[in-house]
Amino acid sequence: MKLQNIQRAVREHLYFAVSYEQDLFYIGKIKKFEGEDILMKFLEKSAGHIISSTTAKMAENLEMHELPNTASEESLISQQHFGPIDVCVVVTVISAVLYYLFFRKKKEINTFQITPNHVTTSDSSFINKMKSTGRNVIVFYGSQTGTAEEFATRLAKEANRYGMKAMVADPEDYDMEDLCKVPEIENSLVIFCMATYGEGDPTDNAQEFYQWLQTGDGDLSGLNFAVFGLGNKTYEHYNSMAIYVDKRVEELGGARVFELGLGDDDANIEEDFITWKERFWSAVCEHFHIETLGEDINLRQYELKVHEDLPEGKIFTGEISRLNSYKNQRPPYDLKNPFLSTVTVNRELYTGPRSCMHIELDIADSRIRYDTGDHVAIYPTNDSGLVEKLGKLLNADLDTVFSLNNLDEDSTKKHPFPCPTTYRTALLHYVDITSIPRTHVLKEISEYATNEEEKKMLKSMATSSEEGKKLYLSWVVKNCRSIIHILEDLPSLKPPIDHLLELLPRLQARYYSISSSPKMHQTSIHITAVLVEYETPTKRITRGVATGWLKTLKPGDKVPIFVRRSQFRLPSKPHIPIIMIGPGTGLAPFRGFLQERSFQKKEGKEVGDSILYFGCRKSKEDFLYEDELKVFEEEGTLTKLHAAFSRDQPEKLYVTHLLNANKDELWRVFGESHGHIYVCGDARNMAKDVHVIILEIVQEYGKKTKDEAEAYIKKMESQRRYSADVWS
Ligand SMILES: Cc1cc2nc3c(=O)[nH]c(=O)nc-3n(C[C@H](O)[C@H](O)[C@H](O)COP(=O)(O)OP(=O)(O)OC[C@H]3O[C@@H](n4cnc5c(N)ncnc54)[C@H](O)[C@@H]3O)c2cc1C
Ligand SMILES: Cc1cc2nc3c(=O)[nH]c(=O)nc-3n(C[C@H](O)[C@H](O)[C@H](O)COP(=O)(O)O)c2cc1C
């Protein structure tokens with residue numbers, strides 16, 4: 001079993017793992033290399049060599065966790081610490097492994113007389129799948145939270161209308177070099193729906209594809225393609241992944257069938273998408289000389305199966321991937337295998353009308369490790385009152401046990417979410433019932449409205465006509481109408497629950513900047529989360545899914561979590577001064593930074609200046625961790641606290657005002673003393689304004705032109721001396 005796992009890992013890519021003090025502390029992946037088969041045979045024949053000893057731990061993990069995916073590797077990495085000694089050990093062992101693989105290869109060939117294996121490509125070859133199932137369109141998606149995947153699925157469905165047969169594909173599941181072979185299929189087309197993250201980075205599932213595009217020189221001549229990008233204008237690197245894919249595929253010889261489309265999630269990405277795809281399909285028809293359109297019918301992707309007598313142990317109860325994984329918890333914990341942590345503290349931090357929670361989650365015995373500045377992801381549960389209400393609106397028996405099975409047997413995705421399960425569990429844990437539904441959902445459920453006016457209205461909102469778009473924007477988007485609100489307001493609309501479950505997006509994990517340091521809290525993770533609560537224009541009080549749920553939790557309650565490694569890191573040398581800019585919950589990671597620096601100080605290390613810019617509305621209501629910050633100030637860890645209370649005086653005062661007033665000090669710290677700047681919190685306004693101020697300071701004090709100052713800041717960013725951990 002172990003050996004097979006190693007072989008599977010090697011066949012996929014080459015994995016290397018290093019163990020240290022009984023603990024796996026690094027597992028990584030290096031590019032495919034020529035001698036995979038040879039190494040596989042070698043593993044089969046040898047034991048106790050460097051490879052098998054370094055991979056032994058890895059095999060254990062694989063055994064526990066089945067074949068790893070990128071996310072699990074990442075979380076393995078994320079659960080580990082790296083100090084300078086660790087880095088040396090890693091470098092040494094990796095060098096040894098690489099030496100062994102690349103320079104000793106020939107010897108192994110002689111010793112074991114290995115003849116090359118024929119690598120079976122059936123699983124990872126999308127081209128074989130396309131050919132054997134008569135498909136001529138493939139839609140790849142780079143998606144983290146499901147939107148790009150959903151858009152890809154919609155495009156694939158719509159291809160039917162134009163007499164084409166399409167499949168949706170996760171680039172992580174396939175060998176992307178096969179792109180070179182797509183032109184072998186007549187009238188073929190490749191569509192990419194690509195989201196951008198971080199600093200213009202690909203999503204987890206598109207990492208390898210991105211790497212291949214960057215390093216590969218595949219010939220894509222004759223490949224018909226089009227790209228739709230998903231991004232958000234509040235981020236500096238707007239849609240950069242889609243822009244790159246569009247440019248690079250063309251450079252490699254691809255023929256663009258239609259111009260790059262860019263969706264902005266800060267405005268209305270749904271509208272951007274439907275406007276783009278309308279024009280895209282026209283261009284496709286022209287390109288492939290498609291004259292007649294098929295019927296615009298709604299096709300179900302999944303079929304319903306109701307189970308009568310399934311035993312309890314066979315029914316999913318909210319697990320993300322593995323059946324009974326919450327009962328039999330097994331590390332490593334990641335996106336697909338979250339750890340069920342216990343709430344030990346849930347304390348209110350505000351005194352005013354709003355709410356901000358300080359929550360402590362126990363990770364003792366989980367083998368989860370984190371670093372100061374990392375993020376923790378939380379899988380929330382939908383409000384049970386809303387679930388019951390939805391059940392009534394749909395006339396559904398929520399205890400029914402069912403499965404939704406993909407009608408496309410070739411698809412790698414067998415169910416839209418873990419099945420079999422009950423309707424109640426699906427609504428509580430698996431689908432998003434509170435966000436604003438996209439237009440294709442309205443279009444598909446419109447068939448179930450018995451009132452003609454209601455049906456017409458739903459259909460109209462799903463068209464790309466100006467009138468339809470306006471109606472969708474005003475009636476759904478501006479009024480923040482969720483699917484529940486729509487069903488309440490259109491009483492003749494009664495879609496079957498299984499069809500609705502097929503259409504609603506998956507409920508996503510929410511990320512939080514960890515507000516503790518493992519140096520002080522090795523066995524717990526702290527978060528600082530502000531409750532999302534607002535009244536919609538139709539007078540409905542609405543709470544955020546995760547924060548609304550967290551608000552109800554008491555010590556002893558369980559929360560599924562995993563840790564995600566971030567790039568937001570304190571300088572490796574504690575004497576380097578830092579400036580932290582974190583209004584509101586942007587303070588969260590800086591509480592961890594201060595805990596870490598306080599610990600280092602107590603250890604007798606020389607710790608540099610730590611200057612904090614914090615902002616909130618009123619000093620008496622929402623001054624987060626005021627007491628703790630005072631202690632940090634008294635002990636000298638927090639050298640200076642600049643606080644802006646926007647509503648404590650007639651004129652508004654924000655952190656940006658304080659930054660403008662302290663340009664001398666800022667330049668002294670980051671310009672003259674090579675200190676680090678950190679920004680955390682609101683991406684929409686604050687982080688952008690801070691960037692402008694820093695740019696001005698570099699121009700003014702560093703005596704640089706605007707272009708030179710931009711380059712200076714870029715260099716700071718690349719040296720990780722200017723880091724942002726922002727969200728919108
Ligand atoms: C890397 C990262 C780190 C983060 N760190 C933190 C952190 O430390 N602390 C923290 O509190 N949050 C943090 N967040 C945000 C967090 O992940 C959640 O987005 C947030 O808690 C809301 O989640 P929710 O499920 O409660 O709300 P959701 O159910 O997701 O609802 C939020 C949505 O409600 C709508 N909405 C909100 N207010 C209004 C309004 N007034 N009118 C109309 N619509 C409205 C908006 O569409 C908004 O997108 C972070 C996010 C990221 C990506
Ligand atoms: C933490 C975070 C970072 C993001 N970074 C970027 C970015 O750098 N550039 C960009 O254009 N969009 C960025 N986005 C926006 C997403 O790309 C956008 O919301 C997209 O629709 C997500 O698609 P998905 O649901 O398929 O993952 C970011 C979103 C989040 C939550």
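Student: How many residues surround ligand 2, and which are the closest?
Tutor: 22 residues surround ligand 2, and the closest are S143, T147, A195, G231 and Y235. A residue is near a molecule or strand if its C-beta atom, placed from the backbone, lies within 6 Å of it. This is a predicted model: local features need pLDDT of at least 70, side-chain atom pairs count only at pLDDT 80 or more, and totals for chains, interfaces and linings use all residues. Residues are numbered from 1 along each chain as its sequence is written, while chains are lettered from A and ligands numbered from 1 in the order in which they are written.

Student: Which elements supply at least two residues of that shell around ligand 2?
Tutor: α8 (147-159) and β6 (224-231) each do. Helices (H or I, at least four residues) and strands (E, at least two) are DSSP runs, numbered from the N terminus.

Student: How do the residues around ligand 2 divide into nonpolar, polar and charged?
Tutor: Eight are nonpolar, 13 polar and one charged. Ala, Val, Leu, Ile, Met, Phe, Trp, Tyr, Cys and Pro count as nonpolar, Asp, Glu, Lys and Arg as charged, and the others, Gly among them, as polar.

Student: And ligand 1, what surrounds it?
Tutor: 21 residues surround ligand 1, with Y534, G544, A546, T547 and W727 the closest. β15 (510-513), β16 (524-530) and α19 (545-552) are the elements that give two or more residues to this shell. The shell around ligand 1 has 12 nonpolar residues, eight polar and one charged.

Student: β15 and β16, which sheet is that?
Tutor: An open sheet of six strands, in the order β15-β12-β19-β10-β11-β16, with antiparallel pairing. Two strands pair if DSSP finds at least two bridges between them. The edge strands are β15 and β16, each pairing on one side only. From one strand to the next, the twist averages 40°. Axes are lines fitted to C-alpha atoms, for helices over the stretch in contact, and angles run from 0 to 180 degrees between N-to-C directions.

Student: How many bridges join β11 to β16?
Tutor: Seven, with strand β11 (residues 356-362) and β16 running antiparallel. D362 has S524 in β16 as its bridge partner.

Student: New topic. What is the order of the five strands in the parallel sheet?
Tutor: β22-β21-β20-β23-β24, and this sheet is open too. β22 (640-645) and β24 (722-727) stand at the edges with a single partner strand each, so one side of each has no neighbour in the sheet. The twist here averages 10° from one strand to the next.

Student: Which helix packs on it?
Tutor: Helix α24 (residues 686-701), which touches β20, β23 (676-682) and β24. Two residues are in contact if their C-beta atoms, placed from the backbone, lie within 7 Å. The direction of α24 makes about 155° with that of β23.

Student: Now helices. At what angle do α14 and α15 pack?
Tutor: Helix α14 (residues 439-446) and helix α15 (residues 452-461) pack at about 150°, with axes 8 Å apart. They are therefore roughly antiparallel to each other. Angles under 35 degrees count as roughly parallel, over 145 as roughly antiparallel, 65 to 115 as roughly perpendicular and the rest as oblique.

Student: And where does α16 come in, at what angle to α15?
Tutor: Helix α16 (residues 466-478) crosses α15 at roughly 105°, and their axes come within 7 Å. That makes α15 roughly perpendicular to α16. M457, S460 and M461 in α15 meet E467, G468, L471, Y472 and V476 in α16.
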